[in-house]
Amino acid sequence: MAEISLERAQESIVDRQQELKALDETKSGVKGLVDSGLHRRTKVGEACEKWGINHGIPLATTDEMINGLRRFHEQDDEAKKEIYSRDYSKKVYYNSNIDLYKAEATSWRDTLCCVMAPRHPLPQELPAVCRDIVIEYSSKMMKLGQTLLELMSEALGLNRSYLEDIGCGEGMLVKCHYYPPCPEPDLTLGSSSHTDTGFCTVVLQDEIGGLQILYQNQWLDVNPVCGALVVNLADMMQASPP
């Protein structure tokens, strides 16, 4: 019996790897599965970020950022396939699940990634349907990040420029997640429970909701507020020297 169970488990692993490879090779992400008429799929956890702030970024900018990224993800698959890649040395790429071949379960999420600092991509490297707003939003977000680092430095009893001086504000990665309707939402979620790498994460939500934080061993909903941002202190910030 043990040998039969092991054999079946190995076959299951091989089948899943083949399914993941087939998904990856479509270059259409999980939205492509929905568009193709899929009626079943997989599982996972829930998202984890932190606290809200007053940020000073115009509502018109945050709204257009959400709309621009929706335009990107909902455009024809052929346009998106041009930048679909798992080469993470690129400044701009799009794919479904960065850990597709490593995670135990596949998240129901497609992502456009743009490395905007310290060396930003050429404008023509960004998708035309959201190029202008990604550049505008990133510029404003970089300034907000500098302000946050100054406030955090002061809260730690340090010189206002301390975190900026040690390089905490040099880089910026803009991740634009898209969670298409799922045929079986009880089997999967958009993101597994996690902590964020880097120094801090600033999250802009749309009106759909679904974001949660783990507070005192309880998962709490972070309901979306129009124009609001959520700030999460990430792993490297918590490990920074006093």
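## Basis

Buried means under 20% relative accessible area, exposed means over 50%, and partly exposed lies in between (1.4 Å probe, protein chains only). This is a predicted model: local features need pLDDT of at least 70, side-chain atom pairs count only at pLDDT 80 or more, and totals for chains, interfaces and linings use all residues. Residues are numbered from 1 along each chain as its sequence is written, and side-chain values use heavy atoms, with hydrogens and water left out.

## Helix H5

Helices (H or I, at least four residues) and strands (E, at least two) are DSSP runs, numbered from the N terminus. Helix H5 covers residues 131-155. Its 25 residues should span 36 Å at 1.5 Å a residue. The expected span is 1.5 Å times one less than the number of residues. The end C-alpha atoms of H5 are 36 Å apart, which agrees.

Which residues of H5 are buried? They are Ile133, Val134, Tyr137, Ser138, Met141, Leu144, Gly145, Leu148, Leu149, Met152 and Ser153. An α-helix has 3.6 residues a turn, so residues three or four places apart point the same way. Just after H5, glycine 157 takes a positive phi of about 75°.

## Aromatic cluster

The structure holds three aromatic pairs. Rings of Phe, Tyr and Trp (its six-membered ring) pair if their centres lie within 6.5 Å; planes under 30 degrees apart count as stacked, over 60 as edge-to-face and the rest as tilted.

Tyrosine 84 sits in the loop between helix H4 (77-81) and S2, ten residues from tyrosine 94. Tyrosine 84 is buried at 8% relative accessible area; tyrosine 94 is buried at 0%. Ring pairs link Phe72, Tyr84 and Tyr94 into a cluster.

## Asparagine 97

Asparagine 97 lies in the loop between strand S2 (92-95) and strand S3 (110-117). This residue is buried, with a relative accessible area of 1%. A polar atom of its side chain lies 2.8 Å from the backbone oxygen of serine 107. Leaving aside neighbours within four places in sequence, asparagine 97 is in contact (heavy atoms within 4.5 Å) with Arg86, Thr106, Ser107 and Arg109.

Methods:
A polar contact is a pair of N or O atoms within 3.5 Å; within protein, one must be able to donate a hydrogen and the other to accept it, and residues adjacent in sequence count only if both atoms are side-chain atoms.
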